[in-house]
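Colleague: Hi, could you walk me through this fold? I'd like the sheets and the helix packing, with your cut-offs.

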Amino acid sequence: MFDRTIIITGGAGFIGSHVVRLFVNKYPNYKIVNLDKLTYAGNLDNLKDIEDKPNYKFVKMDICDFEGVLKLMQQEHVDGIIHLAAESHVDRSIKDPFTFAQTNVMGTLSLLQAAKTYWESLPEKFEGKRFYHISTDEVYGALQMTHPEGIEPPFTTKASSGKHHLAYGEKFFTEDLKYQPHSPYSASKAGSDHFVRAFHDTYGMPTIVTNCSNNYGPYQFPEKLIPLFINNIRHRKPLPVYGKGENVRDWLYVVDHARAIDIIFHKGTIAETYNIGGFNEWKNIDIIKVLINTVDRLLGRPEGADMDLITYVTDRAGHDLRYAIDSTKLQRELGWEPSLQFEEGIEKTVKWYLDNQAWVDNVTSGEYQKYYDSMYRNR
Ligand code: NAD
Ligand code: DAU
């Protein structure tokens with residue numbers, strides 16, 4: 001009945017839910033199986049609009065459950081995997097590195113081994129199959145900030161073509177850089193990337209890895225900078241800025257990441273790595289000021305009235321100074337470009353969080369977990 005069946009792991013999380021939505025809507029001829037353990041970060045409310053579609057199925061499962069995952073692949077005749085399931089928050093990894101090694105390294109290994117076992121049992125073996133692993137730019141470590149006041153970037157994309165389009169150094173993360181992770185999170189993602197490449201080089205598995213910069217947009221868990229700060233500004237709570245707020249991140253609207261994943265899943269070259277980013281560098285403190293102005297304006301407060309919420313706190317341990325992705329390979333080879341200017345993306349994002357306070361309250365209180373736990377307890 002379906003032309004192909006794809007497992008998307010971590011589909012109930014922030015980026016995963018956007019990828020699931022895009023694939024379910026765009027490819028009615030594909031069956032999309034969302035495999036998610038529903039940790040604190042997984043929330044099926046993120047997918048209410050597509051949960052009844054005939055080409056969508058949710059399976060509550062841990063990627064570390066080798067037997068369960070293998071059985072699911074056999075039952076569903078899976079020919080593609082897009083792997084997003086992970087522990088994703090740097091601050092949590094500093095407190096609890098074991099969970100990160102378990103999910104991100106062992107979980108990815110288990111998923112690779114299950115896919116290998118299933119696909120090798122078929123007459124056509126790896127022919128027409130694809131294991132696509134979603135990783136992060138943090139594996140490359142941190143870039144220097146050689147130009148703290150900013151310089152003209154070497155390249156402009158739609159994301160960076162608004163008011164702000166500075167680069168804070170002349171070096172960027174390119175695909176050929178060596179890995180130099182600093183946090184337990186990025187070390188665990190680096191470990192998983194190495195296993196994915198090893199499965200290609202050793203067994204001939206058809207793998208692809210992409211490394212993306214910071215995503216922002218609807219459905220991001222409010223422990224990450226942008227949704228946490230929007231919510232705090234709304235409720236006039238302090239904004240805990242790590243260090244001096246000078247760290248630089250390269251921001252990409254989440255739907256543009258999902259669009260890149262679609263293009264790379266279908267047209268990317270096996271065994272290749274692609275970097276995904278918007279050439280859109282911002283110092284944290286500058287983004288925070290934009291968030292304050294935007295929330296204030298949308299709530300009818302005088303713009304900037306809440307600047308006094310900015311509270312400088314102890315820096316994150318091992319805090320990476322600057323991330324900046326060079327995504328020219330992806331743009332040149334596969335024709336992907338961000339579709340949204342950063343100013344538009346931030347406006348949409350702030351509006352979404354202000355309009356969806358019930359979603360924010362639900363995930364902040366943990367109510368959603370009680371509901372879905374009782375629903376899936378015995379499955
Ligand atoms: P997230 O924390 O919002 O979601 C992670 C999802 O994975 C959740 O639904 C969770 O329930 C699920 N999960 C966790 N452990 C699992 C397990 N053992 N088995 C099955 N499911 C499990 O994460 P996100 O921000 O959407 O990130 C998704 C992926 O993209 C991650 O691999 C992350 O490293 C990568 N990434 C994220 C960003 C970003 O800015 N958020 C940027 C680049 C790459
Ligand atoms: O670069 C891609 C990565 O981006 C992803 O791989 C990660 O999964 C994702 O969480 C994100 O990591 P960061 O650590 O960059 O994101 P976070 O939103 O936690 O922090 C963004 C910046 O803001 C960072 O420099 C730390 C700072 N920060 C964050 C929080 C939560 C603060 O100053 N205060 C805060 O309270």
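Modeller: Happy to; below we go through the sheets, the helix pairs and a salt bridge.

Colleague: Great. What should I know about the model and the numbering?

Modeller: This is a predicted model, where local features need pLDDT of at least 70, side-chain atom pairs count only at pLDDT 80 or more, and totals for chains, interfaces and linings use all residues. Residues are numbered from 1 along each chain as its sequence is written, chains are lettered from A and ligands numbered from 1 in the order in which they are written, and side-chain values use heavy atoms, with hydrogens and water left out.

Colleague: Sheets, then. In what order do the seven strands run?

Modeller: The order is β3-β2-β1-β4-β5-β6-β10, in an open sheet with parallel pairing. Strands (E, at least two residues) and helices (H or I, at least four) are DSSP runs, numbered from the N terminus, and two strands pair if DSSP finds at least two bridges between them.

Colleague: Which strands stand at the edges?

Modeller: β3 (56–60) and β10 (273–276) do; each has a single partner strand, so one side of each is left without a neighbour in the sheet. From one strand to the next the twist averages 20°. Angles run from 0 to 180 degrees between N-to-C directions, and axes are lines fitted to C-alpha atoms, for helices over the stretch in contact.

Colleague: How many bridges are there between β2 and β3?

Modeller: Five, joining β2 (residues 30–36) to β3 in the parallel sense. Val 33, for instance, has Lys 57 in β3 as its bridge partner.

Colleague: And which helix packs on that sheet?

Modeller: Helix α7 (residues 254–267) touches β1 (4–9), β2, β4 (80–83), β5, β6 and β10, and makes about 145° with the direction of β5. Helix α5 (residues 184–203) lies across β5 (130–136), β6 (207–212) and β10, at about 155° to β5. Contact here means heavy atoms within 4.5 Å.

Colleague: What about the sheet of three strands?

Modeller: That one is open too, in the order β7-β9-β11, and its pairing is mixed. β7 (214–216) and β11 (281–283) are the edge strands, each pairing on one side only. Direction ignored, neighbouring strands in this sheet are turned by 50° against each other on average.

Colleague: How do β9 and β11 run?

Modeller: Antiparallel, with three bridges joining β9 (residues 248–253) to β11. Arg 249 has Trp 282 in β11 as its bridge partner.

Colleague: Which helices meet this sheet?

Modeller: α7 lies across β7 and β9, at about 70° to β9. α8 packs on the sheet as well, touching β9 and β11, with its direction at about 85° to that of β11.

Colleague: Switching to salt bridges: how many does the structure hold?

Modeller: It holds 22, counting a side-chain nitrogen of Lys or Arg within 4 Å of a carboxyl oxygen of Asp or Glu. In one of them Lys 283 pairs with Glu 246, the closest N and O atoms being 3.3 Å apart. Lys 283 lies in strand β11 and Glu 246 in the loop between β8 (239–242) and β9, so the pair ties together parts that are 37 residues apart in sequence.

Colleague: Nice. Now helix pairs: at what angle do α4 and α5 pack?

Modeller: About 15°, with their axes 8 Å apart. That makes α4 roughly parallel to α5; angles under 35 degrees count as roughly parallel, over 145 as roughly antiparallel, 65 to 115 as roughly perpendicular and the rest as oblique. By class, the contact of α4 with α5 has 12 nonpolar, five polar and two charged residues.

Colleague: How do you sort the classes?

Modeller: Ala, Val, Leu, Ile, Met, Phe, Trp, Tyr, Cys and Pro count as nonpolar, Asp, Glu, Lys and Arg as charged, and the others, Gly among them, as polar.

Colleague: And how do α2 and α4 cross?

Modeller: The axes of α2 (residues 66–76) and α4 (residues 97–120) come within 9 Å and cross at roughly 40°, which makes α2 oblique to α4. Residues in the contact include Phe 66 and Met 73 of α2 and Leu 111 and Tyr 118 of α4. They divide into eight nonpolar, four polar and no charged.

Colleague: Last one: α8 and α10?

Modeller: α8 (residues 284–298) and α10 (residues 342–355) pack at about 55°, with their axes 10 Å apart, so α8 is oblique to α10. Among the residues that meet are Ile 287 and Leu 291 in α8, and Phe 342 and Ile 346 in α10.
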